[in-house]
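Here's a quick briefing to read with the model open beside you. Take a look at the fold before you go through the notes.

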Amino acid sequence: MFERFTKDARAVVAGAVGHAERTGAEAVDEEHMLLALLDREGSRGSFALASLGAAGRRDSMERSLAEARRRGGLSRADTEALSGLGIDLSEIVSRVEEAHGVGALGSGNGGGGGRRSRRRPFAPGAKDVLTRSLRAALARHDRHIGDEHLLMALTARPGVPAEVLADHGVTYEAVTRVLYGGGEAEAG
């Protein structure tokens, strides 16, 4: 599949690996892919993000991702579902952080074992994003997989990155509209 990736898509994958390494994560996940997409300039994915007003909101997105990490990687939908069962996640986070320090539930930390020389594996969610990017390209009859397809895949997959993107106006429908046209003419 990687042979079909454009230079920009390959740069996103390499950037995601870099983000995982810098944070000491055991594996590359969807959050790392989102951060790598936000790093890009001059690509179709960065064009879509800029067109939707998200390019200048990286700090806000990073804060949202950090808050989700603090909740143990759970999305707001997960938190609401637990609340419906009578489980107060914020109380659990507070108690865990009292006992083990702020950010104790944060996923992705390797525990400070120093630099690892081997490549980090891709977490199941990140693999799913790669697979979905291929499907997005095939559905559009595109011959190559670009960073725009990675962005589309991130927005289409339930989870924290899609939630953070949607909170900043970046949804699958909006990305598709920006990149490929809206289909329906808007009244103006």
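What follows is a short tour, from the overall fold down to single residues.

This is a predicted model, in which local features need pLDDT of at least 70 and side-chain atom pairs count only at pLDDT 80 or more, while totals for chains, interfaces and linings use all residues. Residues are numbered from 1 along each chain as its sequence is written, and side-chain values use heavy atoms, with hydrogens and water left out.

**Overall fold**

- The chain has 10 helices and 0 strands; helices (H or I, at least four residues) and strands (E, at least two) are DSSP runs, numbered from the N terminus.
- Of its 188 residues, 39% count as buried, where buried means under 20% relative accessible area, exposed means over 50%, and partly exposed is in between (1.4 Å probe, protein chains only).
- Contact here means heavy atoms within 4.5 Å. Taking contacts with a separation of 6 or more, 68% are between residues 24 or more positions apart.

**The core**

- The largest nonpolar core holds 41 residues; such a core is a set of buried Ala, Val, Leu, Ile, Met, Phe, Trp, Tyr and Cys residues joined through side-chain atoms within 4.5 Å.
- Met-33, Leu-150, Leu-151, Leu-165, Val-170 and Val-175 touch the most other members.
- At least two core residues come from each of α1 (7-23), α2 (30-39), α3 (44-51), α4 (58-70), α7 (124-139), α8 (147-156), α9 (160-167) and α10 (172-180).
- Beyond its neighbours within four places in sequence, Val-170 is in contact with Leu-49, Leu-52, Ala-54, Leu-151, Thr-155, Leu-165 and Val-175.

**Helix α8**

- This helix is mostly covered, with 9 of its 10 residues buried.

**His-32 in α2**

- His-32 lies in helix α2 and is buried, at 5% relative accessible area.
- Its side chain makes a polar contact with the side chain of Asp-29 at 3.0 Å. A polar contact is a pair of N or O atoms within 3.5 Å; within protein, one must be able to donate a hydrogen and the other to accept it, and residues adjacent in sequence count only if both atoms are side-chain atoms.
- Outside the four places either way in sequence, His-32 is in contact with Ala-16, His-19, Ala-20, Thr-23, Ala-25 and Ala-27.

- Arg-44 sits in helix α3 and counts as partly exposed, because its relative accessibility is 38%.
- Not counting residues up to four places away in sequence, Arg-44 touches Asp-147, Glu-148, Leu-179 and Tyr-180.
- Arg-44 and Gly-146 are 102 residues apart along the chain, yet their C-alpha atoms are separated by 7.6 Å.
- Ser-46 is also found in helix α3; Ser-46 counts as buried because its relative accessibility is 11%.
- The side chain of Ser-46 reaches the backbone nitrogen of Gly-42 at 3.1 Å.
- With neighbours within four places left aside, Ser-46 is in contact with Arg-40, Glu-41 and Asp-147.
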